[in-house]
Amino acid sequence: MAKNTICLWYDKDAEEAARFYAGVFPDSEVKTVYRAPGDYPSGKEGDVLMVEFTVAGVPCLGLNGGPTFKHNEAFSFQIATDDQEETDRYWNAIVDNGGQESACGWCKDRWGISWQITPRVLMEAMAAGGGEAKRAFDAMMTMRKIDVAAIEAARRG
């Protein structure tokens, strides 16, 4: 187990979520599935308790903690993309698998985890500052999934 691991709370489908992420994002994998060694108050022997996995190289632990706590936008994964094709691939994988679109490059997967699918060109425009950043920011504010060509056009003015 990594020294620092993000723990994500799921109701009962941490393994399904981990396998989905591993199938979508490079440098992602399901490492270890921990099963209950015996019956317990809310489950039985063999139930999946936790799943160690990585998402784009980030170590995570999926905890099947039950329905008490829900995810919200206070936590998100930000995935940097190189072009529109990569942006579309990740966005569509999340949204088309029971997720939902939000604004400004944000979407949410079917388990409630928020994702920022962020083309590098947008972050480069923001880092440039000044009018270039303002134009890119204003363009982004009108979008759900980020349109790389529109951001590039906004950068140029």
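Modeller: What follows takes the whole protein and then one residue; bear in mind that the model is predicted.

Colleague: How many helices and strands are there, and what pattern do they follow along the sequence?

Modeller: The protein has five helices and eight strands. Read along the sequence, their pattern is β-α-β-β-β-β-α-β-β-β-α-α-α. The C-alpha trace spans about 65 × 25 × 25 Å along its principal axes.

Colleague: What share of the residues counts as buried?

Modeller: Of 157 residues, 38% count as buried. The protein exposes about 8,600 Å², with carbon and sulfur atoms supplying 51% of that area.

Colleague: Why is Tyr90 called buried?

Modeller: The cut-off for buried is under 20% relative accessible area. Tyr90 has a relative accessible area of 2%, so Tyr90 is buried. This residue, Tyr90, belongs to helix α2, which covers residues 84–95.

Colleague: Which residues is Tyr90 in contact with, leaving aside its neighbours within four places in sequence?

Modeller: Contact requires heavy atoms within 4.5 Å. By that criterion Tyr90 is in contact with Val24, Phe25, Pro26, Ile79, Thr81 and Ile117. Phe25 lies 65 residues from Tyr90 in sequence, yet their C-alpha atoms are 7.6 Å apart in space.

Colleague: What share of contacts in the protein joins residues at least 24 apart?

Modeller: Among contacts between residues at least 6 apart in sequence, that share is 56%.

Colleague: And how many positive and negative side chains are there?

Modeller: There are 17 positive and 24 negative side chains, and the centres of the two sets lie 3 Å apart.

How values were computed
Residues are numbered from 1 along each chain as its sequence is written. This is a predicted model: local features need pLDDT of at least 70, side-chain atom pairs count only at pLDDT 80 or more; totals for chains, interfaces and linings use all residues. Side-chain values use heavy atoms; hydrogens and water are left out. Helices (H or I, at least four residues) and strands (E, at least two) are DSSP runs, numbered from the N terminus. Buried means under 20% relative accessible area, exposed over 50%, partly exposed in between (1.4 Å probe, protein chains only). Accessible areas come from the Shrake-Rupley method with a 1.4 Å probe; for residues, only the protein chains shown count as cover. Lys and Arg count as positive and Asp and Glu as negative; His and the chain ends are not counted. The place of a charge is taken as NZ of Lys, CZ of Arg, CG of Asp or CD of Glu.
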